[in-house]
Amino acid sequence: MAAATTTTSRPLLLSRQQAAASSLQCRLPRRPGSSLFAGQGQASTPNVRCMAVVDTASAPAPAAARKRSSYDMITLTTWLLKQEQEGVIDNEMTIVLSSISTACKQIASLVQRAPISNLTGVQGATNVQGEDQKKLDVISNEVFSNCLRWSGRTGVIASEEEDVPVAVEESYSGNYIVVFDPLDGSSNIDAAVSTGSIFGIYSPSDECHIGDDATLDEVTQMCIVNVCQPGSNLLAAGYCMYSSSVIFVLTIGTGVYVFTLDPMYGKPYSARYIGSLVGDFHRTMLYGGIYGYPSDQKSKNGKLRLLYECAPMSFIAEQAGGKGSDGHQRVLDIMPTAVHQRVPLYVGSVEEVEKVEKFLSSE
């Protein structure tokens, strides 16, 4: 993603003037009902658990003596580069995450223009789960897949909209495994309700290497074995929520960081129960409590997919001091047996999730 001064890109960023910090490192509130993310100086919120992340060690002068420019901002790209410089992530991961942010910006533009671009309604096909595919499901999947392919750093990608994982032939190095739901809550598009994208990134592996003499079935089987990993193996996870603002939430295992798309920079694109996992989860992150999608008589294992919905969200929750459970065990400890495996999900503050687990164990 280009620097903040470039006029041809739309960086995901937080204004330092707004929050006196380039990003927020947050933890889920321990007390139910309290807010997770709150602006600096909001005295009405007594239980703020956000820590401003600002590097002042190398500042040439005290902050009070420096006149901060109104254009002094930290974009997602510069933040990623800083993490790379500090050895938290490698160059390959930086490129993968930048590619994902590019995909999210493109999808955000498509979502905003959906009603006037004839992108609402169903496509006329169903995905592997038997769900009707919306037009934007198909387009968002193509956008996400293409951005990851052309990053050259992904070896295998697995999407909710694809029957099986796909080995990426355009990989030059890195070979990260990326799982994603390109447009969660797409059934809400026609009603203009918030939607989002969810993703998780696993370690590179050579087991899905495409040999010259490998058959298609052999490659597919190796890819499935590669992708079916427990959530505890995640290196990074995040989601992007498309609502009144475009919010990019990311963890690389060192906390949870939030970035907001500022449409003022660069040329704009021409472009309770919400019913969207991203929207519901984000609200829980902001205001505390718990999000739950249990099993029922019709869906014995719930409807959410373990690999690219429940595991990434649980990883984010744990990084923020919360917990993700299927009602009986930690989601990140569940070993997938299939790419599109479904599990119940309860995610939020530790106390609330443990109350659900205790209740379910007594049934």
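Visitor: What does buried mean here?
Guide: We go by relative accessible area, taken with a 1.4 Å probe on protein chains only. Over 50% is exposed and in between is partly exposed, while buried means under 20%.

Visitor: Where do the coordinates come from, and how are residues numbered?
Guide: This is a predicted model, where local features need pLDDT of at least 70, side-chain atom pairs count only at pLDDT 80 or more, and totals for chains, interfaces and linings use all residues. Side-chain values use heavy atoms, with hydrogens and water left out, and residues are numbered along each chain as its sequence is written, from 1.

Visitor: Why is helix H7 largely enclosed by the rest of the structure?
Guide: Helices here are DSSP runs (H or I, at least four residues), strands are E runs of at least two, and both are numbered from the N terminus. H7 covers residues 306–319, and it is largely enclosed because the buried residues number 13 of the 14.

Visitor: Which residue just after H7 takes a positive phi?
Guide: The phi there is about 90°. The residue is Gly321.

Visitor: Which residues does Ile100 touch?
Guide: Contact means heavy atoms within 4.5 Å. Leaving out residues up to four places away in sequence, Ile100 touches Phe144, Leu148, Val178, Phe199, Ile201 and Phe248.

Visitor: How many disulfides are there?
Guide: A disulfide is a pair of cysteine sulfur atoms within 2.5 Å. Cys104 has its closest cysteine sulfur in Cys240, 4.1 Å away, so that pair is too far for a bond. Cys104 counts as buried at 1% relative accessibility, and Cys240 is also at 1% and counts as buried. By this rule the count is zero.

Visitor: What percentage of residues 234–259 is strand?
Guide: UniProt, in an unreviewed entry, places a "transmembrane region" at residues 234–259; its positions follow the numbering used here, feature names are shortened, and annotations may be inferred rather than shown by experiment. Over that stretch the end C-alpha atoms are 21 Å apart.
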